[in-house]
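I opened my notebook to record what I looked up in this structure.

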Amino acid sequence: MRSLPTRGTYTATQLQIEQRERFKTAVMFLTPIKNLLSEYFGKPQGDKSSFNLATGYHIKNALLPDGLGGYVIDYPKVLIGKGDLRGISNGGVTLDTNQEVTISWDDNSGQGNAATTDELVVVGYCEALGLFETANPAGTRNLTTVQLPLPAYWAGQEIQLWATFVTADYKQAATSTYLGAVTLT
């Protein structure tokens with residue numbers, strides 16, 4: 001019978017500690033939207049799933065040091081989708097009443113591989129509550145505006161918003177756009 005291995009006196013280097021913190025921060029942020037990222041974040045490459053690719057991207061590109069030895073998410077660099085489909089043109093967000101936001105964009109159907117039937121996917125994140133809200137689909141490319149209701153208990157909170165397009169058959173996605181932050185009234 002074999003004995004269980006014992007942990008040696010190994011001490012992690014500072015770089016290893018920092019990398020573990022980066023990994024922890026990225027995974028904790030992305031896990032609630034894992035299904036979305038698994039569908040729309042690139043194509044799996046060998047043994048790397050779409051979620052693995054998303055995690056790697058965010059560790060390298062979407063984290064900022066917090067000054068306390070940890071990391072925070074750099075929201076403008078977050079991607080909820082990544083692909084070759086034509087993305088959002090002139091996307092924006094405006095605050096409405098009753099915890100509702102309006103997402104707007106230009107209809108760029110016919111440019112490249114963009115079609116009127118492409119579906120809009122919107123993700124909202126409330127950092128204070130650590131919660132995501134998704135609209136999948138929220139509308140189609142030709143609509144140019146959609147209203148997105150957010151939970152009433154998010155009132156008074158700052159919400160980060162991202163959007164992307166996916167084809168009607170869900171086989172292609174666009175690289176997402178950061179729409180900005182709004183504080184719900």
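I began with a term: buried means under 20% relative accessible area, exposed means over 50%, and partly exposed lies in between (1.4 Å probe, protein chains only). This is a predicted model, where local features need pLDDT of at least 70, side-chain atom pairs count only at pLDDT 80 or more, and totals for chains, interfaces and linings use all residues. Residues are numbered from 1 along each chain as its sequence is written, and side-chain values use heavy atoms, with hydrogens and water left out.

**Entry 1: the whole chain**

I looked up the helices and strands (DSSP runs numbered from the N terminus: helices are H or I with at least four residues, strands are E with at least two). The protein chain has 3 helices and 9 strands. Along the sequence the pattern reads α-α-α-β-β-β-β-β-β-β-β-β. I noted that 41% of the 185 residues count as buried. Next I looked up contacts (heavy atoms within 4.5 Å). Among those between residues at least 6 apart in sequence, 62% join residues at least 24 apart.

**Entry 2: strand β5**

How many residues of β5 are buried? I found 8 of the 8, so β5 is largely enclosed by the rest of the structure. In a regular strand the side chains alternate between the two faces of the sheet. Glu 119, Val 121, Val 123 and Tyr 125 lie on one side of β5, while Leu 120, Val 122, Gly 124 and Cys 126 lie on the other, and all are buried.

Then I looked up its partners (two strands pair if DSSP finds at least two bridges between them). β5 pairs with β6 in the antiparallel sense over 7 bridges. Cys 126 has Leu 131 in β6 as its bridge partner. The two strands, β5 and β6, form a hairpin with 4 residues between them, and Gly 130 in the turn has a positive phi of about 65°. β5 also pairs with β8 in the antiparallel sense, over 8 bridges. There Val 121 stands opposite Thr 164.

**Entry 3: the cores**

I needed another term: a nonpolar core is a set of buried Ala, Val, Leu, Ile, Met, Phe, Trp, Tyr and Cys residues joined through side-chain atoms within 4.5 Å. The largest one has 26 residues, and Phe 29, Leu 36, Leu 37, Phe 41 and Trp 162 have the most contacts inside it. α1 (14–30), α2 (34–40), α3 (50–61), β2 (71–73), β5 (119–126) and β8 (158–166) each supply at least two residues of this core. The largest share, 4 residues, comes from α3. Apart from this core lies another, of 22 residues, including Val 101 and Val 182. I also checked Leu 36: not counting residues up to four places away in sequence, Leu 36 touches Ile 80, Val 121, Val 123 and Asn 136.

**Entry 4: backbone exceptions**

Most residues other than glycine have a negative phi, and most peptide bonds are trans. Which residues does a cis peptide bond join? I found Asn 136 and Pro 137, with omega about 0°. Pro 137 is in strand β6.

Asn 90 is not a glycine, yet has a positive phi of about 55°. Asn 90 lies in strand β3 (residues 89–95) and is exposed, with a relative accessible area of 60%. Thr 144, also not a glycine, has a positive phi of about 70°. At 29% relative accessibility, Thr 144 is partly exposed.
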